[in-house]
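Here's a quick tour of how parts of a protein model touch each other.

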Amino acid sequence: MNRVFKALADPTRRRVLQLLRDRPMLAGELADHFDVSKPTMSAHFAILQDAGLIDADKQGRTIVYRLKMSVLEEALLQFAHTLGWELTTAERARGSRVVKRRPLKSGA
Amino acid sequence: MISRSFAYIVAPLLLAAGIALSLASWYLEPGRRGVAAALLLLTVGMTAAFVFARRRAGRHPSRVAAGDDITKGITFVASTVVLALGGSLARTAGVVEDPDLARRVTMIAFGLFLFAIGNRLPKSLPPLSVLQCDGARLQAFQRLTGWTWALTGLSLVAVWAMLPIAAARPVSLMLIAAAMVIVAKRLLALRASHRLAA
């Protein structure tokens with residue numbers, strides 16, 4: 001469960017999950033939505049896969065990502081999004097799994 | 001919902017309790033012998049399935065996963081049987097006075113079972129290579145079905161925990177019927193889209 005909390009604590013990963021709610025997407029398609037490097041995106045995908053929230057299906061040379069969230073996990077995603085859970089800088093640095101609640105931001 | 005090791009420890013205990021309670025019900029509740037016999041058959045059948053699943057599991061990951069699913073399902077059903085028979089026998093023995101307690105507990109367990117099934121449903125993804133329809137549509141169907149059964153299960157728990165028996169029965173039937181209609185309607189739409197695509 002800690003892996004799920006850690007995965008949901010990052011806004012980029014939450015955004016990935018929200019994009020995958022609509023349809024399965026290619027890794028490149030998903031990366032186009034974010035202004036981050038490919039290795040960083042790969043790390044985000046790896047964390048989400050490790051938490052069992054997404055599924056990677058290799059088709060030839062491409063990877064298709066699909067949402068693999070239970071109802072409870074999806075409810076938790078919505079909850080995390082609403083409350084704006086985020087890892088603090090210090091926690092990020094030491095790789096802590098503790099999440100901190102932040103006040104709701106408009107358009108977050 | 002249930003961890004693997006927990007299910008493997010609890011399942012045989014629940015099955016043994018189910019068989020013992022079915023036999024006790026057969027002797028102590030002559031008016032309910034039909035129910036006791038049916039539950040005894042069910043429990044013996046589940047015991048056979050549990051033993052078979054454990055023997056067949058081996059080391060192959062897919063077989064281990066299938067064995068885990070069977071064991072978790074058996075744990076849920078066996079716990080419902082034990083709760084129902086335990087409640088009924090407790091009333092017969094005069095330990096519990098509420099005549100509806102056994103039925104309430106059974107239906108609450110059934111609601112939890114539906115919730116657990118619905119909760120896990122969106123996680124069971126078939127490989128994209130074997131899909132015969134649009135992956136996005138299938139994903140939407142699985143999510144809707146999962147949410148529908150999970151919410152129906154939770155509603156059943158609330159209904160049987162709070163409403164009087166006379167109201168709980170029709171309300172729960174309506175809830176289950178509504179869930180089935182929603183899922184069936186979406187399934188027909190999925191089939192129609194597959195035919196159009198073909």
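What follows goes through a pair of helices, then the chain contact, then a pair of domains. Keep in mind that this is a predicted model.

**Two helices crossing in chain A**
- Start with helix 2 (residues 11-22) and helix 4 (residues 38-50) of chain A, whose axes come within 10 Å and cross at roughly 70°.
- Angles from 65 to 115 degrees count as roughly perpendicular, so helix 2 of chain A is roughly perpendicular to helix 4 of chain A.
- On the helix 2 side of chain A, the contact is made by Thr12(A), Arg13(A) and Val16(A).
- Helix 4 of chain A answers with His44(A), Ile47(A) and Leu48(A).
- Sort the residues of this helix 2 and helix 4 contact in chain A by class and you get three nonpolar, two polar and one charged.

**Where chain A meets chain B**
- Chain A puts 14 residues into the contact, and chain B puts in 14 residues too.
- On chain A, strand 2 (54-59), strand 3 (62-67) and helix 5 (71-83) each supply at least two residues of the side that touches chain B.
- That side of chain A is made up of six nonpolar, two polar and six charged residues.

**Two domains in chain B**
- Chain B is assigned domain 1 (1-97) and domain 2 (99-198).
- These domains of chain B touch, with 10 residues of domain 1 in contact with 10 residues of domain 2.
- On the side of domain 1 of chain B that touches domain 2, you'll find five nonpolar, four polar and one charged residues.

Key
Residues numbered from 1 in each chain as written. Chains lettered and ligands numbered in written order. Predicted model: local features only at pLDDT ≥ 70, side-chain atom pairs only at ≥ 80, totals over all residues. Domains from an automatic or database assignment. Contact = placed C-beta atoms within 7 Å. Nonpolar A, V, L, I, M, F, W, Y, C, P; charged D, E, K, R; others polar. Axes fitted to C-alpha atoms, helices over the stretch in contact; angles between N-to-C directions. Helix = DSSP H or I, 4+ residues; strand = E, 2+ residues; numbered from the N terminus. Parallel < 35°, antiparallel > 145°, perpendicular 65-115°, else oblique.
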